[in-house]
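Subject: Structure handover

Hello,

Here is the structure for your files. My notes on what was found follow below it.

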Number of protein chains: 2
Amino acid sequence: MTHAGAEREVFQKLRRAMRAAGCDALVAHSVDNVTYTAGFAVPSHPTNRFRRTITVLAGQNFAAQIVVTVEANLARATSRFADVRTYDQFGDDPADALADALIEAGVGEGRIAVELDYLPAQDFLRLRERLPRATFVPARDIYFSTRMIKTADEITRLTTVGTLTDRVAGEVLAAVRPGMSEKTLARLATEKMLDGGCSAVKVQVGSGVRSGITNCAPTDKAIEPGDVLRLEILGDMNQYRSNVTRTAVVGAPTDEQRKIWDVMIGARERCKALLRPGTPVAALYRTYVDHLRANDIEPTLRFLGHGIGQTIHEEPYITDARDVVLEPDITFTMEPLYMMPGRMGFHVEDMYRVTPDGFVPITGTITPNDALIRVGG
Amino acid sequence: MTHAGAEREVFQKLRRAMRAAGCDALVAHSVDNVTYTAGFAVPSHPTNRFRRTITVLAGQNFAAQIVVTVEANLARATSRFADVRTYDQFGDDPADALADALIEAGVGEGRIAVELDYLPAQDFLRLRERLPRATFVPARDIYFSTRMIKTADEITRLTTVGTLTDRVAGEVLAAVRPGMSEKTLARLATEKMLDGGCSAVKVQVGSGVRSGITNCAPTDKAIEPGDVLRLEILGDMNQYRSNVTRTAVVGAPTDEQRKIWDVMIGARERCKALLRPGTPVAALYRTYVDHLRANDIEPTLRFLGHGIGQTIHEEPYITDARDVVLEPDITFTMEPLYMMPGRMGFHVEDMYRVTPDGFVPITGTITPNDALIRVGG
């Protein structure tokens with residue numbers, strides 16, 4: 001699909017969801033929703049919270065992006081929006097620029113979807129002051145439901161970064177030798193991901209008792225024989241993300257380790273058998289929990305996985321706290337995880353895409369992980 | 001200073017500023033203010049905007065941090081707060097956990113400083129519903145003014161990361177050879193910064209006409225003889241930041257390039273002569289602008305620099321839109337910058353600290369940059 005085609009597709013999908021929600025305008029402020037809408041990330045948006053970056057779709061045709069002056073050139077060169085407006089960071093209130101745009105679009109008294117779960121209170125108060133006859137409703141579900149179903153362009157990006165991550169995870173585990181530090185492994189993974197084309201990477205490594213910490217930032221601890229080793233790689237390429245986790249044992253697994261692993265993988269395989277349009281995500285989660293509990297394992301997290309796309313965690317969370325039903329082109333991870341704090345931890349995470357008939361794995365095809373991986377030469 | 005001492009110092013400074021503002025409680029939600037208050041960063045706070053992380057100081061003694069359940073163990077092990085409370089990401093509203101804490105602290109009908117410029121509208125609406133007799137006022141200036149004046153511990157961290165960055169910038173420029181790509185240079189800088197102990201790094205490289213783009217992400221473009229080369233390094237070590245920028249020419253500078261550079265450095269030196277307690281930041285900015293305009297250069301940015309600490313950009317911005325007067329232990333950058341889009345760009349940035357008598361440079365002492373740097377072997 002051409003760039004212009006992908007552009008039209010995202011705008012069209014969002015306008016459709018906006019209308020279905022009975023709204024006249026759809027406004028985004030968050031990094032994820034603005035980046036999704038505009039098709040590019042304003043560099044200082046995630047790092048400078050005072051530089052509001054806003055997208056506005058209204059009615060049939062109105063489409064504008066509002067950025068701080070200093071980002072205007074890049075936005076005009078890169079954004080999907082032909083209409084890029086600016087405000088001065090020190091002199092103007094971006095909420096006024098937004099109110100002006102909504103009035104110009106003819107929806108100043110309309111029903112306007114804004115990110116009430118992100119829009120700062122003072123911007124909201126200012127908007128209400130400027131547009132006293134408008135009705136403000138949450139934009140959350142409009143974006144969630146639209147972003148959940150990926151376009152062909154998004155699937156290509158997710159597949160590219162996922163495949164790289166799957167390969168790198170295998171290569172890094174193959175390179176493990178006792179005596180290497182967690183940080184050395186993380187560096188190796190980072191370099192391979194950057195070499196593969198990622199703009200950013202995050203790598204978690206936990207070995208030995210540290211494998212039992214959920215978010216284990218790598219340390220100088222040396223990998224030792226007998227360690228359980230947990231490696232999680234999160235890539236960022238062309239604004240789309242990957243999330244792959246592997247657990248290995250340095251040397252031969254114990255019976256206990258093998259048994260726990262078999263339960264985790266058993267639960268995952270049961271869930272995979274349910275992956276098709278029509279399956280509620282809550283059913284996946286319950287299948288997972290039931291299988292673990294039947295084997296005397298209490299799951300550590302209250303979700304089995306999460307949607308993945310422009311952000312690492314997005315809808316649908318695979319949990320019984322969500323009533324989402326699988327549809328084609330939903331992309332998500334499943335990540336059976338069991339932490340035994342002070343002892344060890346187990347975690348395997350792969351990315352999947354729902355198809356009209358079932359699913360395809362995005363990762364997990366390069367290095368088999370049905371059996372607990374042995375590393376260490 | 002001991003960890004406990006640094007802890008007491010930050011809490012004491014914030015409580016003092018809270019009382020001076022006539023407030024009974026001080027609540028933070030943003031990554032920067034929460035990290036500053038708690039002394040550690042919750043890993044998923046910056047990446048998952050649905051996981052609210054909150055700090056509360058109230059009255060003489062109440063101090064609590066509110067985190068999502070999955071981050072509780074790490075918070076309890078690392079946070080300055082002895083009282084860490086949790087909420088369930090899928091079942092609870094963190095605004096309720098906050099309201100409960102404020103009631104428990106006895107300030108449910110008090111004057112409560114919240115980040116109106118960050119607190120999501122729906123959390124604000126819920127707080128007002130739960131605490132209808134409370135008064136909510138902006139926390140912005142309380143945090144700005146407190147964070148602007150660094151503690152001894154913060155100055156040590158900034159000096160460590162600044163010195164590393166200054167050294168790495170010099171080493172990377174010394175390694176430049178025509179034919180190397182911008183990305184290769186950026187990778188080299190990244191590796192040296194990580195080797196030096198940074199947990200994260202961002203490197204901008206723009207060469208040739210790309211040096212004239214303000215935020216120039218590195219590309220595969222090869223460095224060529226005659227290129228102006230702009231290298232900006234932003235480090236992150238122990239939750240404190242560095243920001244150093246150098247401009248060099250590959251080979252011999254032209255007369256035009258040398259003349260522009262002399263104007264930029266001339267402006268900087270005039271500003272350095274004013275760096276002492278009592279100087280308004282607006283005076284620095286005007287001195288800079290006046291010197292450039294007197295030499296027929298129109299400055300590209302509307303600020304000369306910015307405070308630096310737990311975040312890259314913080315108060316004081318060095319601009320006439322701020323009425324801050326320099327005080328000892330304010331840390332900031334000055335970054336004369338002049339972009340000539342489509343041709344080339346010039347940018348030099350160093351970090352400074354105000355002392356009782358004047359200032360000390362945090363960076364800019366390792367590799368001289370008064371004259372335009374020549375690189376390329």
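Contact here means heavy atoms within 4.5 Å. Helices (H or I, at least four residues) and strands (E, at least two) are DSSP runs, numbered from the N terminus. Axes are lines fitted to C-alpha atoms, for helices over the stretch in contact, with angles running from 0 to 180 degrees between N-to-C directions.

This is a predicted model, in which local features need pLDDT of at least 70 and side-chain atom pairs count only at pLDDT 80 or more, while totals for chains, interfaces and linings use all residues. Residues are numbered from 1 along each chain as its sequence is written, chains are lettered from A and ligands numbered from 1 in the order in which they are written, and side-chain values use heavy atoms, leaving out hydrogens and water.

The sheet of chain B

Chain B has an open sheet of 6 strands with mixed pairing, in the order E4-E3-E2-E1-E5-E6; two strands pair if DSSP finds at least two bridges between them. Strands E4 (84-87) and E6 (135-138) of chain B are at the edges with a single partner strand each, so one side of each has no neighbour in the sheet. On average, neighbouring strands of this sheet are turned by 25° against each other, direction ignored. Strand E5 (residues 111-114) of chain B pairs with E6(B) in the parallel sense over 4 bridges, and Val114(B) stands opposite Pro138(B) in E6(B).

Two helices lie across strands of chain B. Helix H4 (residues 94-104) of chain B lies across E1, E2, E3, E4 and E5 of chain B and runs at about 165° to E3(B).

The interface with chain A

The buried area (accessible area, 1.4 Å probe, lost on putting the two parts together, summed over both) is about 3,600 Å², with 55% from carbon and sulfur atoms. Arg49(B), Phe90(B) and Arg187(B) supply 20% of the area that chain B buries against chain A, more than any other three residues.

The interface of chain B and chain A has 10 salt bridges (a side-chain nitrogen of Lys or Arg within 4 Å of a carboxyl oxygen of Asp or Glu). One of them joins Arg187(B) to Asp195(A), with the closest N and O atoms 2.7 Å apart.

Regards
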